[in-house]
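Please keep the sequence and the 3D view at hand while reading.

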Amino acid sequence: MSDLLSSFSVSASGMAAQSSRLRHVSENIANADTPGYHRKLTPFREVMQGGRMTGEVEAAPVRLDDTELPEVFDPSHPMADEAGFYRGSNVDLVIEIADAREAQRSYEANLKMFDQARQMTRSLLEILRK
């Protein structure tokens, strides 16, 4: 029974981690045109409890993508230097949309696992009640 109940916390932690990832992807998309903006990355790590792995995951502290910022030529931009260049952001919208889609699907998979565990628990309680 405890394995069945722990599946609730495992799937809930997966949903929380994916929602955090999706939030950072949204921030990256919102700042795609912000000069000097570095893309945010959301790594995951396993949760340890008493030196044992619980199977749960959590979002680790956010890292910034170290990819070099592209030089953008726009002499009329207020941040442009004497040569007319300024540093843009390193956000690639295609990559962000792919990451968002992957996070969405992972969230849905965890939600499905949560729902399956709920249905199994309900069936078990029905059997025990009879």
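This is a predicted model: local features need pLDDT of at least 70, side-chain atom pairs count only at pLDDT 80 or more; totals for chains, interfaces and linings use all residues.

Two strands are said to pair if DSSP finds at least two bridges between them. Strand E2, residues 44-49, and strand E3, residues 52-59, run antiparallel and are joined by five bridges. Within this pair, phenylalanine 44 stands opposite alanine 59 in E3. The two strands form a hairpin, with two residues between E2 and E3. In the turn, glycine 50 has a positive phi of about 65°.

Serine 20, a residue of helix H1, is in contact with Ala59 and with Thr42, its neighbours within four places in sequence being left aside. Is serine 20 buried or exposed? Serine 20 counts as buried because its relative accessibility is 14%, and the cut-off for buried is under 20%.

Helix H1, which comprises residues 2-30, is in turn the element against which the buried residues of helix H2 pack. Those buried residues are Glu96, Asp99, Ala100, Ala103, Asn110, Ala117 and Thr121. In general, residues three or four places apart in an α-helix point the same way, because such a helix has 3.6 residues a turn.

Helix H2 itself runs over residues 93-129 and has 37 residues. From its first C-alpha to its last, H2 reaches 53 Å, which is close to the 54 Å expected at 1.5 Å a residue. The N-terminal end of H2 is capped by aspartate 92. A side-chain oxygen of aspartate 92 lies 3.1 Å from the backbone nitrogen of valine 94.

Conventions. Residues are numbered from 1 along each chain as its sequence is written. Side-chain values use heavy atoms; hydrogens and water are left out. Helices (H or I, at least four residues) and strands (E, at least two) are DSSP runs, numbered from the N terminus. The expected span of a helix is 1.5 Å times one less than its number of residues. Buried means under 20% relative accessible area, exposed over 50%, partly exposed in between (1.4 Å probe, protein chains only). Contact means heavy atoms within 4.5 Å. A polar contact is a pair of N or O atoms within 3.5 Å; within protein, one must be able to donate a hydrogen and the other to accept it, and residues adjacent in sequence count only if both atoms are side-chain atoms.
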